[in-house]
Each structure stands twice: as C-alpha cells, then as structure tokens.
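Look at the model below.

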Amino acid sequence: MFDRRKFIKLAAALAAAFGTKGLSQPAKAALNEIDPRNVPKLLYLQGLSCTGCSISLLQAESPSPVSMITDYSQLVFHTDLSATSGAQAMELINSFIDGEAGDYVLAIEGAIPENMPEACIIDHKPFADYLERAAHTMSGAVAIGSCACDGGIPAAEGNPTGAIGLAEFYRKRNLTQPVINIRGCPIHPDWVWHTITHLALAGNPSMINGSPRVFFERRLHELCPRYYDFQEEIFAEKLGDRGCLFRLGCLGPITFADCPTRWWNGGRTWCVDTNAPCIGCASPNFARKKDLPFYRLSEGKGRNR
Amino acid sequence: MNVDIGPITRIEGHLNVKTTVENGVVIDARCEGEMFRGFEIFLRGRDPLDSQQITQRICGVCPYAHAIASSTAQENAYRLNVPPNGRILHNLIQGANHLYDYLLHFYQLCALDYVDITAVLEYTGKDPELSKVRDWVKAEVDSGKRYPAAPFLPRLSGKYLNNRDANLGAIKNYLEAMRMEQKANQAAAIFGGKFPHATSIFPGGCTQEARIDLIVPYQSLIREVRDFIHHKYIPDVLAVAGAFPEYWDIGRSQGGFLSYGHMPLGPEPDSRRLLAPGVLFNGEVTAVDFNQIRQDVNNAKYSSPTNLQVRDAAITPQPNKRDAYSWIMAPRYAGKMLEVGPAARVLVDYTQGHNPTVKELVDRFASQAGIRPAQLNSVLGRHLSRAILAAVLADFLLAESQRLAPGQPTMAAIDPPASAEGFGATEASRGALLHYIRIENYKIAKYECVVPTTWNASPRDDQGQPGAMESALIGTRVNNPEEQIESKRIVRSFDPCLACAVH
C-alpha cells in the first residue's frame with residue numbers, strides 16, 4: 001500500500017517543494033580573521049527571536065554554559081545574562097560595534113524585518129542599523145538558529161515584516177561578511193558551542209552549504225534508528241504509533257542534521273524517539289509554506305482551494 | 001527629567017520603559033514593547049495542526065505553555081475525548097517546564113540585582129567551582145580589558161547584599177541552579193521530545209508512551225529539582241527578602257488579578273485544577289468569562305479597530321502610528337486593568353481557600369516575613385509566590401506521574417473538522433495564557449493569543465489606565481534616576497517576556 005516507489009516519489013516532491021536544490025550555495029563562511037590563540041569575544045544580539053536558541057544554549061552539559069562563556073569564549077554581551085542594562089549596556093554594545101573595544105564575533109539570534117525596520121528596535125534604532133555598522137568592525141558572524149539563518153518562523157508565508165536571515169541581509173547590501181549558519185528551531189547547543197570551541201582552538205571548521213559539516217552533512221533519515229522500520233515498511237499509521245513516521249509527515253528525508261545520533265537534552269531523547277515526526281526545523285525552508293503542513297493527517301482535506 | 005531605562009536586560013526580548021522622574025520619584029512610566037513578528041497574521045490559512053508547533057515559537061522560554069494552550073483550544077474545537085494518560089503527560093511536560101522557569105528567573109535573571117558577584121574575590125574555601133570563578137574574575141579584573149568579567153560586570157550602582165557568606169552561597173547556587181534547570185528540562189523532554197520546542201505535544205495528548213523506563217527517570221530528575229527548591233531556592237528567596245525588606249512595599253500594581261487556574265486534574269480540558277481559576281478584585285473572586293476580555297490599541301501600533309473581543313480580534317500593523325508607543329496591545333477585563341503571573345495564581349487560589357498547601361505556605365512565609373498576604377503584590381511577593389508554586393508543583397508532579405497507566409493510550413485520535421472554534425486557557429510561568437482558534441474549510445481562519453506579558457506590560461488603554469507594570473513603577477523612589485536599579489527590580493519581578501507580549 002505504501003511501497004518504496006511511492007515513498008521516493010513523495011520524497012522527490014517534497015524536496016522540490018522545499019527547494020533543497022538551492023542548498024548548494026557557495027560555502028564561503030570562514031572566520032579567517034580570528035586568531036585561534038585568543039578566545040572569540042561574542043557580542044550576542046537578538047532580532048525577531050523567541051530566545052529559544054539562547055535557552056537551548058543553556059542546556060549544554062560538557063562543557064557547561066558557564067565554562068563556554070568564560071573558558072572557550074567571552075560573552076561580552078547577552079541580553080538574558082548581562083548584569084548591565086540601559087545606557088551602560090548601550091555604551092558597551094556601541095563600543096564594540098564602533099570598533100573601539102577590539103575584535104569580536106557577532107552572534108545573532110532572530111530574523112531581520114527587512115520591510116518593516118520599526119518591528120525590531122534597540123535603543124531607538126532599528127536592529128538593522130547595528131548589523132550594518134557591525135559589518136565593518138566584526139571578525140565574522142555566527143547566525144544562531146533558523147530565524148537568523150533564513151528568517152525562520154517570522155518569515156513564514158504571509159508574514160507582515162519581510163523577515164530575512166543575516167546572510168541574505170548582508171548580500172542585499174553588498175556586504176561580504178563571513179557568516180556561519182547554524183540552523184535549527186532551536187539549535188542544538190552542541191552545534192553552536194562546538195563551532196565556537198573549534199574557532200577558539202583550531203580555527204575554521206570544515207563547512208558544507210555555509211554550515212559546519214560535522215553536524216549538517218547528512219540527512220536525518222539516513223541516520224535514523226528507525227531506518228530499519230522504513231526498509232521493512234513498518235510505518236506508523238497514526239500519531240503515537242511506533243515505526244517509521246514518514247507517512248505521518250516526517251521530514252527526516254529532506255532535513256540535514258545529526259539529531260538521530262546526537263539526541264537532545266543531555267542525550268536523553270529526540271523528537272522521533274517520542275514518536276513525533278521531524279518537522280524539519282533545521283531546514284532552510286522550515287515552516288515556510290502554508291500548503292505544506294507539518295503532518296499528513298488531513299491529506300486531501302481543504303487542499304488546493 | 002525624562003529617562004529611558006531600556007534596553008532592559010535579563011528579561012526576554014526588547015523592552016524600554018520611558019520614565020519621568022521628579023524629586024527622586026518616578027511620576028510616570030510607559031512600557032514600550034519594541035519587537036513585532038505577526039504570528040496571528042501568518043497563522044491564517046495554515047493547517048490547524050500546525051498551530052501547536054508554530055505558536056511554541058512565540059516564546060522559547062515558555063514554549064510548552066503555548067503548546068498546551070493551543071492543544072487545549074483544538075481539543076475544545078475538535079471535541080476530543082482525551083485519555084487520562086494524555087492529560088497527565090501534558091501536565092508532566094508543562095509542570096517540569098515551570099520548575100525550570102522559576103529557577104531561571106530567580107537566579108539567572110534576577111540574582112545579579114541583589115547579589116554582589118565581586119564577593120567571590122574574597123573566597124578562601126576549597127569548593128572547586130567557587131575557586132574557579134574567583135580565579136577567573138581576578139584574572140579578568142587584572143587583565144586591563146575594557147569590559148572585564150562580562151557578562152557579569154559592569155553593573156548598575158546600588159545597594160547589593162553585604163553579607164559575605166550569603167553572597168558566596170548565592171553565587172554557588174546560581175551555578176547549581178543552571179544544572180537543576182537542565183534536569184527539569186530533561187524531565188520534560190523525556191515526554192516532550194526536546195526542550196525548547198516540543199514536537200510530541202498534540203491536541204488530545206502526547207505521542208510518547210507511558211512506559212516505566214521513562215516514568216522513573218522523570219521522577220528521579222524531578223526529585224533532585226524538588227530538593228534544590230526546598231534546600232536552596234526557598235532559603236535564597238527568604239535571604240534576599242531579609243536583606244531587602246523594603247521590597248515588600250515596592251512595585252505594587254494598582255489593579256486586580258487574573259488566573260486561569262493550573263494543572264487540570266482530569267482528562268477534560270475544563271476539569272477542576274490544582275490551582276483554582278478566577279478574577280480577583282478588592283478581595284472578591286469571580287469566575288473567568290472570556291467574553292469580558294477586550295484589547296485596546298489606541299496606544300499600540302495597529303490600525304485595526306480597538307476594544308475588540310478575543311473572538312473578533314484583528315491585527316493590522318501601523319509602525320508609525322502617531323502617539324502609539326508600543327507594539328503591545330492593552331487587554332482589559334470588563335474594562336479593568338489586571339496583573340497576571342505567580343502572585344495572581346497564588347492570590348486567586350488563596351483567596352478562595354482552594355489548595356490547602358498554597359494556604360499553608362502563604363500563611364507560614366507571611367508570618368515569618370511579617371507581611372500580610374496582600375503584600376504578595378510587590379517585588380518580593382512575586383519572588384516568594386514563584387517559590388511557593390515551585391514547591392507545590394514539584395510535589396504534584398511526583399504524585400501525577402504515579403497516576404500514569406503504563407501501556408494505556410496517551411493520545412486521542414485526531415480528525416479535525418471542516419469548521420470549529422475553541423478557547424484554550426492555561427497558566428504559563430509568567431501568567432494567564434489564552435489561545436483562540438477558529439477553523440473554516442479545514443484551515444485556520446482566525447488565531448488569537450492573549451499572553452501574560454500582554455497584560456502586565458501593556459500600554460495605557462483607551463481610558464488612559466496604565467498597565468500593571470506601569471502602575472507598579474509609578475511612585476517608586478529611585479536613588480540614581482539615570483540608572484534606576486529600583487525600577488529594574490520591579491520590571492524583572494514580573495518576569496516580562498516581550499516575544500510573548502507582542503508575538
């Protein structure tokens with residue numbers, strides 16, 4: 001009833017819809033200016049974000065988040081952790097962005113409201129202004145999470161702000177800043193922190209499609225412990241069933257991330273282990289289209305109105 | 001003088017407060033929410049089952065509350081018969097998330113307003129963690145860097161704890177709290193799939209199974225967190241209260257209180273709850289009626305009509321609207337301003353004498369601190385309310401997990417109808433959270449969220465009444481009007497989440 005031929009056809013249709021062909025953009029994200037002998041100073045700013053990536057960064061275990069921001073990097077500013085605030089905080093942020101406080105890496109969480117700059121304001125100025133100024137002083141940038149990489153949920157079809165990711169923001173302004181993209185909604189803390197430790201200890205990580213190769217090289221489906229179920233055609237028929245979740249809408253076949261081998265929250269679990277289909281949160285087109293729902297439960301109903 | 005005290009840090013998101021200070025007293029305060037994404041706009045036309053996923057991305061600090069509110073709204077819309085395990089798993093996932101959030105708020109978001117981090121330089125003991133922090137701070141301060149020991153310095157001027165042992169204990173617990181928050185989140189993720197942003201929560205239950213090999217690790221993690229709550233968190237809250245007793249009288253909001261009640265005790269969405277729902281005005285509690293909620297936008301940056309009910313909600317952004325000063329709408333209940341959050345949850349329940357443990361803990365701590373229960377409406381009162389709720393919830397979660405029936409269904413079968421509508425109300429850690437969904441031709445026709453910080457950080461309504469936080473700031477005496485550490489302690493006591501407030 002649901003043979004492999006149908007699977008491949010459906011997977012191809014999904015890949016076309018999600019535009020995975022567009023993934024092979026030039027992998028020119030390199031922070032060459034960083035001197036590995038000095039730990040990176042991270043200036044962490046948020047745009048159209050939910051802070052989920054910041055919260056996820058606090059779920060790291062080895063090294064701990066505190067060790068990450070004191071031993072392997074220095075977190076010069078983060079809105080959720082910094083003691084400072086108000087004018088004192090702005091003096092700190094501006095001194096880095098104006099190039100007066102030494103080298104720094106710009107860490108961005110959240111999308112940029114390209115068509116509505118007033119939709120994200122820091123100290124009376126649009127978020128975009130800080131990004132433009134930083135382009136001339138930073139060593140490089142890390143886009144943390146699907147919003148910062150591609151717009152993410154704020155860029156969903158029909159959004160009113162024209163949300164885009166950091167790399168596109170710079171491309172549109174002919175600013176050729178190196179951006180490392182770390183997708184995920186949220187990111188897995190290892191994906192970001194291990195990238196930072198790599199920068200601190202060994203320089204640039206090996207990249208694929210603008211992201212660190214080690215985390216994003218392979219499709220989730222290839223790595224999935226339920227690949228055997230797929231081969232044996234043991235499919236979950238309804239939500240809550242075990243087995244391969246493809247028929248319910250699992251986007252593992254077109255999502256590049258190592259969740260199946262890394263697991264989440266201290267290695268205790270991950271989506272598919274709880275029988276929940278992958279919703280493709282690390283995909284560049286995550287949640288983008290209205291007519292591509294996360295789950296294939298109501299197939300045929302209300303479609304193609 | 002006029003002073004903008006933003007950007008306010010150690011909260012979620014983009015908040016400025018415009019203040020006017022005369023003779024050392026804040027005589028006016030305006031909360032400016034400065035970020036807008038438009039969730040209710042781009043949810044339209046989507047598959048309704050996308051909504052418990054999409055709305056979690058409103059807030060990555062309390063995503064599970066949005067998943068539960070959305071799932072409950074859909075359960076009401078689809079008229080699902082939720083199996084007992086399904087409701088219990090919702091509770092276990094959301095409850096563990098509350099425990100993490102209370103610890104995160106007190107330690108990572110607020111402690112640096114009270115604790116003197118530089119006290120670690122005097123540490124002479126043998127604790128490896130404190131020794132390491134001491135050596136790091138010392139090396140940073142000696143390094144000649146422009147901003148040494150960031151992000152923990154620089155800090156605002158003001159009075160900090162001056163008891164060396166209390167400071168060192170709090171710094172140690174700041175670090176341990178981060179591990180405890182992870183444990184609470186791991187417990188939630190065992191059933192939720194991951195934290196933040198759970199994929200296993202659906203209307204009608206949870207895709208994860210009720211298995212012994214999952215239940216036991218959940219209980220073990222919650223027990224560790226429970227011990228920390230009793231032995232570290234509650235004593236630290238009381239220590240701060242002992243050193244800053246003036247904050248029992250600072251930061252009092254000037255309206256009523258709203259709680260939707262928390263933790264349904266049965267499978268039906270409208271089951272009796274662990275904490276009772278209600279609206280509290282002048283000592284009287286009345287039942288919640290969603291039709292009494294209207295959202296004003298005269299001072300918010302929207303051109304859509306003002307004073308609409310939740311069911312009729314509309315949202316058209318107008319970024320340069322004249323005189324509007326915030327992206328946050330002004331929800332009001334029967335025209336009145338309300339505070340939501342931990343103090344509201346405790347006071348609404350306590351006033352009704354509903355949960356005996358809440359009553360016992362409020363009476364005990366109020367007597368210890370020499371305050372009246374009504375003083376939970378204050379900076380310290382909000383902190384103490386969270387501690388009380390954490391203690392009540394940790395015990396409830398352990399008992400609730402015993403009620404899971406291993407091997408029994410954890411989900412209802414879902415078959416969304418062509419047209420339907422439903423409300424879903426729950427308590428996020430920050431307060432009362434309401435979702436409304438209307439489905440037409442199998443797609444979302446309308447989605448509306450009325451979120452805790454929308455209430456608390458709201459601008460003036462159309463009648464000119466300030467929001468809860470604005471009203472709590474007005475009248476505050478500040479030593480340094482440029483910095484206003486006192487005002488920031490008030491703002492943080494509400495635990496504002498701007499991504500929630502505007503979404």
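A helix axis here is a line fitted to C-alpha atoms over the stretch in contact, and the angle between two axes runs from 0 to 180 degrees between N-to-C directions. Keep in mind that this is a predicted model.

**Helix packing in chain B**

Two packed helices are described by the angle between their axes and the distance between the axes. Start with helix 4 (residues 84-110) of chain B and helix 10 (residues 379-402) of chain B. Their axes come within 9 Å and cross at roughly 150°. Angles over 145 degrees count as roughly antiparallel, so helix 4 of chain B is roughly antiparallel to helix 10 of chain B. The crossing of helix 4 of chain B and helix 10 of chain B is left-handed.

Which residues make this contact? From helix 4 of chain B come, among them, B:Ile88, B:Leu92, B:Leu99, B:Tyr102 and B:Phe106. They meet residues of helix 10 of chain B, including B:Leu389, B:Leu393, B:Phe396 and B:Leu397. By class, the contact of helix 4 of chain B with helix 10 of chain B has 13 nonpolar, 6 polar and 2 charged residues.

Helix 10 of chain B also packs with helix 7 (residues 212-243) of chain B. The axes of these two come within 10 Å and cross at roughly 160°. Helix 7 of chain B and helix 10 of chain B are therefore roughly antiparallel to each other. Their crossing, too, is left-handed. The residues in this contact divide into 18 nonpolar, 5 polar and 4 charged.

**Where the chains meet**

Now turn to the contact between chain A and chain B. It takes 88 residues from chain A and 93 residues from chain B. The area buried between the two chains is about 7400 Å². Carbon and sulfur atoms give 57% of that area.

**Charged pairs**

Side chains of opposite charge can pair when their charged atoms come close. How many salt bridges does a search of the whole structure find? Over all chains, there are 48. The count between chain A and chain B is 2. Two pairs from the structure are shown here.

| Salt bridge | Closest N and O atoms |
|---|---|
| B:Lys132 with A:Asp71 | 2.9 Å apart |
| A:Glu132 with A:Arg173 | 2.6 Å apart |

A:Glu132 lies in helix 5 (residues 127-134) of chain A, and A:Arg173 lies in the loop between helix 7 (166-172) and strand 9 (179-182) of chain A, so the pair ties together parts that are 41 residues apart in sequence.

Conventions. Residues numbered from 1 in each chain as written. Chains lettered and ligands numbered in written order. Predicted model: local features only at pLDDT ≥ 70, side-chain atom pairs only at ≥ 80, totals over all residues. Heavy atoms only, no water. Helix = DSSP H or I, 4+ residues; strand = E, 2+ residues; numbered from the N terminus. Parallel < 35°, antiparallel > 145°, perpendicular 65-115°, else oblique. Left-handed = near helix turned anticlockwise from the far one by under 90°. Contact = heavy atoms within 4.5 Å. Nonpolar A, V, L, I, M, F, W, Y, C, P; charged D, E, K, R; others polar. Buried area = accessible area lost by both parts, 1.4 Å probe. Salt bridge = Lys/Arg side-chain N within 4 Å of Asp/Glu carboxyl O.
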